[in-house]
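Subject: Structure handover and findings

Hello,

Here is the structure for you to look over. Please open it beside this message as you read.

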Amino acid sequence: MTTTAASTKYRIESIDIVRGLVMLIMAIDHTRDIFHGAPEPTDLAVTYPFLFFTRWITHFCAPTFVFLSGVSANIAGTRRTPTQLCTFLFKRGLWLIVVELIFISFGITLNPIFSVLILQVIWAIGGSMILLALLVRLRASLIVIGIIGAVIFFGHNILDVVNVGPIGKTIPWTLFLSAGGFGGNGIVNVGHQHFILIAYALLPWTGVMLLGYVFGTLYKSTYNAAKRRKTLLYTGLGLLALFVVFRYFNVYGDPSPWSVQKTTALSIISFFNVTKYPCSLLYLGMTLGTALILLSVLEGVKNKFTAIMVTYGNVPFFYYVCHWYLIQTIHIILFFAMGFKTSQILPTGAPFLFEPQGFGLSLAGVYGVWFLAIFILYFPCRWFAKYKKTHTQWWLSYL
């Protein structure tokens with residue numbers, strides 16, 4: 001039965017503007033992965049400025065998305081008791097992990113026998129929500145949650161210089177601290193030619209969510225708006241300053257120092273080529289510093305562009321799931337349109353389907369597919385955003 005919402009929830013649109021913006025940018029990287037592949041954008045031996053920029057601009061997405069998930073968790077807590085918030089976060093975290101393993105893994109691989117289950121950003125958000133739920137359950141104060149988040153955020157790169165011995169090769173260590181992305185150390189063989197790919201190490205991202213949860217207090221309806229914008233701006237500038245100084249002097253915060261290269265362009269690329277897997281302090285400083293500044297300067301801005309961003313930002317999870325399946329639908333259509341045969345759907349020994357040798361598009365083609373995808377997605381996102389505003393079914397809080 002449909003229920004009409006009785007009231008409008010307090011909402012600051014700058015959150016949805018920034019979230020919508022990073023959701024759109026995120027799709028560039030996924031489109032590039034599917035349609036362009038090699039060369040690796042962060043490999044200084046083969047990359048070039050436009051290719052690196054295509055990868056680099058998407059670095060801002062996951063940190064912002066995770067941080068704003070923490071902000072949203074705090075806002076959700078204003079409408080619930082601590083026990084209710086704990087239950088909500090725990091259930092939603094489990095739900096996100098299930099979606100990651102089933103719907104997102106299939107959306108990435110198109111493999112119906114699930115040869116590979118992938119743990120990436122949705123797993124990081126879901127797992128972090130479960131850990132946050134535990135802290136809420138233990139009645140941890142906001143100060144305690146903030147201290148734990150800050151210690152993880154600023155301190156996890158100490159492991160770059162600490163020899164942890166055999167424990168560093170264990171699955172739990174990889175799962176929580178050291179997973180190295182899609183080409184890293186996070187492939188776990190579960191038998192019968194099935195694998196789990198741990199792309200995102202959980203704890204560094206949990207630090208981001210915990211700090212987002214603390215910053216969520218800035219968005220209480222009683223909080224002074226001018227003070228909020230100033231706090232966000234100065235914190236963002238501080239993180240960017242930390243990134244520039246620590247990166248320039250290669251002091252701390254990233255396991256891969258930058259260096260002067262044979263060309264100015266490659267030197268600049270080297271400087272900004274920070275580590276995402278696992279996310280380094282300098283990666284987070286660069287990306288979240290920018291996000292916090294955007295949250296500050298975009299608050300109260302209203303125009304056609306921000307209205308479009310709000311539409312996407314209102315339904316981030318819905319958009320995230322849909323964008324994988326839309327891009328993969330285009331992928332399959334182009335696969336056959338380019339003359340490939342059904343016998344080439346499964347490359348020899350590969351878990352990712354519809355990716356035969358020779359398949360792909362130029363970078364210009366990648367951007368064309370990306371724009372087509374986000375244009376198409378605007379309409380279902382607009383419909384679902386309106387539906388959520390006028391309905392209150394319990395399951396809507398999980399989408």
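What follows is a tour of the strands, charged pairs, aromatic rings, surface and backbone.

This is a predicted model, in which local features need pLDDT of at least 70 and side-chain atom pairs count only at pLDDT 80 or more, while totals for chains, interfaces and linings use all residues. Residues are numbered from 1 along each chain as its sequence is written, and side-chain values use heavy atoms, with hydrogens and water left out.

**Strands**

Helices (H or I, at least four residues) and strands (E, at least two) are DSSP runs, numbered from the N terminus. Two strands count as paired if DSSP finds at least two bridges between them.

Strand β1 (residues 116-119) runs parallel to strand β3 (residues 194-198), and four bridges join them. Here I118 faces L197 of β3. Strand β2 (residues 187-191) also pairs with β3, again over four bridges, but in the antiparallel sense. V188 has I196 of β3 as its bridge partner. G191 stands opposite H194. β2 and β3 make a hairpin with two residues between them. H192 sits in that turn, with a positive phi of about 55°. H192 is also exposed, at 77% relative accessible area. On that scale, buried means under 20%, exposed over 50%, and partly exposed in between (1.4 Å probe, protein chains only).

**Salt bridges**

The whole structure holds eight salt bridges. The rule asks for a side-chain nitrogen of Lys or Arg within 4 Å of a carboxyl oxygen of Asp or Glu.

D16 bridges to R19, with the closest N and O atoms 2.9 Å apart. Both lie in helix α1 (residues 13-35), three residues apart, about one turn of the helix. D16 is buried at 1% relative accessibility. R19 is buried too, at 7%.

R55 and D29 meet at 2.4 Å, N to O. R55 is in helix α2 and D29 in helix α1, so this pair ties together parts 26 residues apart in sequence. Both R55 and D29 are buried.

R229 pairs with E299, the closest N and O atoms being 3.8 Å apart. R229 lies in helix α9 and E299 in the loop between α11 (281-297) and α12 (304-313), so the pair ties together parts 70 residues apart in sequence. R229 is partly exposed at 31%, whereas E299 is buried at 14%. Salt bridges that share partners also join D29, R32, D33 and R55 into one network.

**Aromatic rings**

Rings of Phe, Tyr and Trp (its six-membered ring) pair if their centres lie within 6.5 Å; planes under 30 degrees apart count as stacked, over 60 as edge-to-face and the rest as tilted. By this rule there are 32 aromatic pairs. Take F50 and Y367: their ring centres are 5.4 Å apart and their planes at 15°, so the pair is stacked. F50 belongs to helix α2 (residues 49-56) and Y367 to helix α14 (residues 363-390), 317 residues apart. F50 is partly exposed, at 41%. Y367 is buried, at 18%.

One aromatic cluster is formed by F53, W56, F60, F243, Y248, F249, W258, F271 and F272.

A charge sits over a ring if NZ of Lys or CZ of Arg is within 6 Å of the ring centre and within 35 degrees of the ring normal. The charged end of R80 sits over the ring of F88, 4.2 Å from its centre.

**Surface patch**

V244, V245, Y248, F249 and V251 make a nonpolar surface patch of about 510 Å². Patch residues have over 30% relative accessible area and no salt bridge; like charges are joined within 9 Å, and nonpolar side chains (Val, Leu, Ile, Met, Phe, Trp, Tyr) within 5 Å. The areas come from the Shrake-Rupley method with a 1.4 Å probe. Y248 is found in helix α9 (residues 225-248).

**Backbone points to check**

Y277 and P278 are joined by a cis peptide bond, with omega about -15°. P278 is in the loop between α10 (264-272) and α11. R139 has a positive phi, near 60°, and is not a glycine. R139 lies in the loop between α5 (121-137) and α6 (142-155).

Best wishes
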